[in-house]
Amino acid sequence: MAQVSVEKEWTPKGKEASGLKRFFKQIDIQLMVIPALLLIFVFSYIPMYGVLMAFQDFDIFKGFFGSPWAGFKHFQMFFEAPEFYNVMRNTIVIALLKFCIGFPAPILLALMLNEVNRMFFKRIIQTISYLPHFLSWVIVSGFVISLLSTESGSVNILLEKLNLIEDPVNFLSIPEYFWTILVTTNVWKEIGFGSIVYLAAIAGIDPHLYEAASMDGASRFKQIFLITLPSIMPVVTIFMILAIGNLLNAGFEDILLLAKNPILRPVSDVVDTYVYRVGLQNYRYSYATAVGLFKAVISVMLLTFANAVARKSGNSLW
């Protein structure tokens, strides 16, 4: 008698039941996620209704339903504004400088710390490099302003002692120096905290790979390029995608606090500070929303493009 095999037919309903079963099996873990989802819903999705202001002549007394529609009027005003070119140039240049210098910096620090054998010295370096991340930009900007002060700033005193300058230089009043000061401060503040993820990824690499490479005669420098970097490349790719998606977020607090001098505005005015200065301080809510929405759309396009390119290497967000 011939044996008849019956295969269980896959159905979307069966998949849904399996998903619900897995959900209730992990109910304790799922409950831990619910507060985070609520926070995202309340503070990220509900406020999206305010995007309507970008297409209205919003009046705070009339509200969303009473304000007249304006179409793309505020977008056109931004594109035709005399500050448009300068704001976009500063935003792109500062963002690219932060990306090109600030993104690889934590990776290099993690690679160097991984080569340190003395744990005591390694922990000291980690603590010192992590600490600036937990300082607010108010404290960091005050620290930078004090260092670059013309009266008692350490930088000017050192340069005078080395006979490199004759008179103190007011660095924060010279536009040519601002981008360097801003990017250097950002890297100093975030390099230690950014290296945590890469150190964790390096710690997960199989030690036998290094032993085999050492037996084959590979130096420590070659092991970095042949083992360490390829092993952490998926993590690097994911963070690179996120960094590209945030490329237009050139900064707000750091620029606002370091560029208090109006002389620096031609090189410091970015989209976020422009929205705050022109849109919010002048109560032009619709205009500010339109500029912010424009930046958000470009950021989504950059994120999608970066993810599509990364998908070809097998590492992507979706």
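Which residues does methionine 77 touch, not counting residues up to four places away in sequence? The legends below, which describe close-up views of a predicted model, begin with that residue.

View 1. Methionine 77 has its place in helix H4, which covers residues 73-80, and, when residues up to four places away in sequence are not counted, methionine 77 touches Arg284 and Tyr287. With a relative accessible area of 32%, methionine 77 is partly exposed. The C-alpha atom of methionine 77 is separated by 9.5 Å from that of alanine 290, although the two residues are 213 residues apart along the chain.

**View 2. Helix H15 and its cover.** Helix H15 runs over residues 271-280 and is mostly covered, for seven of its 10 residues are buried.

View 3. Helix H7, made up of the 12 residues 119-130, reaches 16 Å from its first C-alpha to its last, which is close to the 16 Å expected at 1.5 Å a residue. Buried in H7 are Lys122, Gln126, Ser129 and Tyr130. An α-helix has 3.6 residues a turn, so residues three or four places apart point the same way. The buried residues of H7 pack against helix H6 (104-114) and helix H10 (175-203), whereas the face turned away from the buried side carries the exposed residues Phe120, Thr127 and Ile128.

**View 4. The largest pocket.** The largest pocket holds about 870 Å³ of space. Of the 27 residues that line this pocket, Lys98, Gly102, Phe103, Glu190 and Ala243 are the closest to its centre. Helix H5 (84-102), H6, H10 and helix H12 (220-245) are the elements that give two or more residues to the lining of the largest pocket, and H10 provides the largest share, nine residues. By class, the lining of the largest pocket divides into 17 nonpolar, seven polar and three charged residues.

**View 5. The second largest pocket.** In the second largest pocket there is about 250 Å³ of space, and the residues lining this pocket include Phe143, Val144, Leu147, Phe171, Tyr177 and Trp188. Helix H8 (137-147) and H10 each supply at least two residues of the lining, with H10 giving the most, six residues. The lining of the second largest pocket has nine nonpolar and three polar residues, and no charged residues.

**View 6. Threonine 228 in helix H12.** Threonine 228 is found in helix H12. Is this residue buried or exposed? Threonine 228 counts as buried because its relative accessibility is 1%, and buried here means under 20% relative accessible area. Not counting residues up to four places away in sequence, threonine 228 touches Leu111, Ile202, Ile205, Tyr210 and Gln223.

Key:
Residues numbered from 1 in each chain as written. Predicted model: local features only at pLDDT ≥ 70, side-chain atom pairs only at ≥ 80, totals over all residues. Heavy atoms only, no water. Helix = DSSP H or I, 4+ residues; strand = E, 2+ residues; numbered from the N terminus. Expected span 1.5 Å × (residues − 1). Buried < 20%, exposed > 50% of the residue type's maximum accessible area, 1.4 Å probe, protein only. Contact = heavy atoms within 4.5 Å. 1 Å grid on protein atoms, 1.4 Å probe; cavity = no way out; pocket = protein on both sides within 12 Å on 5 of 7 lines; lining within 4 Å. Points joined across faces, edges and corners; volume = space filled by probe spheres on them. Nonpolar A, V, L, I, M, F, W, Y, C, P; charged D, E, K, R; others polar.
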